[in-house]
Structures are given as structure tokens and as C-alpha cells.
Amino acid sequence: MTHQNETMKFKGTKNYVATQDLMLSVNAAITLKRPLLIKGEPGTGKTMLAEEVADALNMPLLQWHIKSTTKAQQGLYEYDAVSRLRDSQLADVDGGERVKNIHNYIVKGVLWQAFSAQEQVVLLIDEIDKADIEFPNDLLREIDRMEFYVYETRELIQARHRPLVFITSNNEKELPDAFLRRCFFHYIKFPDAQTMKSIVDVHFPGLKQELLTAAMKTFYDVRNLPGLKKKPSTSELLDWLKLLLAEDIPLSALQTQEDKVAVPPLVGALLKNEQDVTLFEKLVFMQRHNR
């Protein structure tokens, strides 16, 4: 069950600026053979991390995006009893051969696919906090023991290779202690200005420094505004820069007099609800009248 990638180290990729502590966390999870639980505000690259680790270690990536209706069982398998019943009523089509074999009605989930893969894979369980509170507990045994039982076919499915498991959470719900004990944890801090510049350089190589400096100042001004309901994230900054370049917005539109805050062009890329836009406009109005 060993795999050459278990001794490999993640060192970041040309598409993903990973801080030293994030790289250490990924490699600690690989060494401990535990899931890496990644938290951080939306837009800080949690999902992308699993994609980049898979790419860097040359491993297939399997993704399980969790919704509020997702059940743990769906990650293992589902038994399609309705189709079997329907086929049994049409048994004369192929002499009933399909209906006799229950395996034809077992739909393999993402965990089963990861366990049965010929080589070690990266398994992403994305936004685990969206599901029911019992969801993480329902996966404890399978992720711990790397096996599960299929009652319908009376077979035990065991992992050929232990997948590298990445679990992301936006902190919408507290996760159970028993689940947390089994994970290695990393919180992706919001990038400081220097790290953010490195991230922007990856996406927009050759961006004029004056434009970047002015855009970054505006971005952090907006982000640091007290009382914001949703602070703009890395992904919003990248979207905004893309629009500034596409619309050929001049540098002068971003620069403000006497370090005053101004409503930036295309502010809808940064602020995503009307309360935050109103709050920002009020601040600008007050500044203008407090000269």
C-alpha cells in the first residue's frame, strides 16, 4: 500500500503561491496520513490547494463538493432500488439477467472510487460545513480505517492506497471534536500585501507597478472598512484587476487626493451587497465634508 508520492514533498506550484507554513501543513498531513482540514475565509484558495497538490505530485484528483442535502452514504455508494424494481417489471427484455445481478444497481461514490483507484489519489471533500452536523461523524470510521462494508453485496471495500484527503470548511458550522482529532488543521490567513503581490504576479505578469500599487491600496482600504458584512477576498481582487485591465481604466481613476478614500471604479467586483456599498459611500461622503 505504499506509494512513491508518500515520500514526496509539496513545494508549491507556479500557479499557486503557498506560504511556508501551508507547505509544512500539507507535508505534515502526508507524513501523518491524516486528512488536512483547511479553513479560511471564502476566496483564499482552499479548494485550489487540493488541485495544485494533485498537479504538483502528479496524482489524480477526485472532488466531492458538499451541499446542504449531501449525506455521507453518497460518498460511499448508493443502491438504486427504484431502477431495479422497474427493470424487474420489464424482465422479459433480457430474460431478467440484469436484475439478477445486484452489482448493476450499486452506484459507486467518490470515496469508493478513491479507495479502489489503481494509484494513490488526492481526494477533496469541499465545504464540509455545508452538510448536516452529523455528516462529519458519519465519515469518521471510513476515513480512519480506510474501509467500509457494502451490505447489499456483502463485500468489504478496502483502500488499495490511502488517498491524500483535503477537507475544506468556511466555518459555517462547528465540526465535531472527534472529527477534528483525526485531522491535521491549517487556517489560511488572509495574505499580507507582499504575498498578495506574489499572487497577483502569477495571474497578471507584467502588470504596471503604479497600477498595482494604487489598486492594492484601494483594495485594502475597502477591506479594512469596519462594519463590512463581506470583506472582499483574493478572488475578488483578481476579478477586479481583470476588469480594470479589460476596461482600460486609467491610473488617475484609482488615485485619490490627500490619501482620502474614494469609491473605486467597478466597485461591484469588490463589494457584493448593498449594505456594504452604502456603508462605503457614507464614509466617502463624510470624508468629503470633514475637510
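A: At 6% relative accessibility, Thr234 counts as buried, where buried means under 20% relative accessible area, exposed over 50% and partly exposed in between, with a 1.4 Å probe and protein chains only. The model is a predicted one, in which local features need pLDDT of at least 70 and side-chain atom pairs count only at pLDDT 80 or more, while totals for chains, interfaces and linings use all residues. Residues are numbered from 1 along each chain as its sequence is written, and side-chain values use heavy atoms, with hydrogens and water left out.

Thr234 lies in helix α11; helices (H or I, at least four residues) and strands (E, at least two) are DSSP runs, numbered from the N terminus. Not counting residues up to four places away in sequence, Thr234 touches Gly43, Thr44, Phe190, Pro191, Met196 and Ile199, contact being taken as heavy atoms within 4.5 Å.

Leaving aside its neighbours within four places in sequence, Thr218 is in contact with Trp240, Leu254 and Pro264.

The sheet can be described next. It is open and has five strands in the order β2-β5-β8-β1-β9, with parallel pairing, where two strands pair if DSSP finds at least two bridges between them. Strands β2 (61–65) and β9 (184–187) stand at the edges with a single partner strand each, so one side of each is left without a neighbour in the sheet. On average, and with direction ignored, neighbouring strands of this sheet are turned by 20° against each other; axes are lines fitted to C-alpha atoms, for helices over the stretch in contact, and angles run from 0 to 180 degrees between N-to-C directions.

Helix α1 (residues 20–32) packs on the sheet, where it touches β1 (36–39), β8 and β9, and its direction makes about 165° with that of β9. Helix α2 (residues 46–56) lies across β1, β2, β5 and β8 and runs at about 165° to β8.

Within the sheet, β5 (residues 122–126) pairs with β8 (residues 164–169) in the parallel sense over four bridges, and five bridges join β2 to β5, again running parallel. At the level of residues, Ile125 has Ile167 as its bridge partner in β8, Trp64 has Ile125 as its bridge partner in β5, and Val122 stands opposite Leu164 in β8. Five of the five residues of β5 are buried, so this strand is largely enclosed by the rest of the structure. In a regular strand the side chains alternate between the two faces of the sheet. Here Val122, Leu124 and Asp126 point one way from β5, Leu123 and Ile125 point the other way, and all are buried.

Two loop positions deserve a note on backbone geometry. Met146, in the loop between α7 (135–145) and β6 (147–150), has a phi near 60°, a positive value in a residue other than glycine, and is buried with a relative accessible area of 6%. Arg154, in the loop between β6 and β7 (155–158), has a phi near 55°, also positive in a residue other than glycine, but counts as exposed at 67% relative accessibility.

Finally, for the chain as a whole, the protein has twelve helices and nine strands, and 44% of its 291 residues count as buried. The radius of gyration is 24 Å, whereas a compact globule of 291 residues would have one near 19 Å; the radius is taken over C-alpha atoms, and the globule rule is 2.2 Å times the number of residues to the power 0.38. Along its principal axes the C-alpha trace spans about 85 × 45 × 35 Å. Among contacts between residues at least 6 apart in sequence, 75% join residues at least 24 apart.
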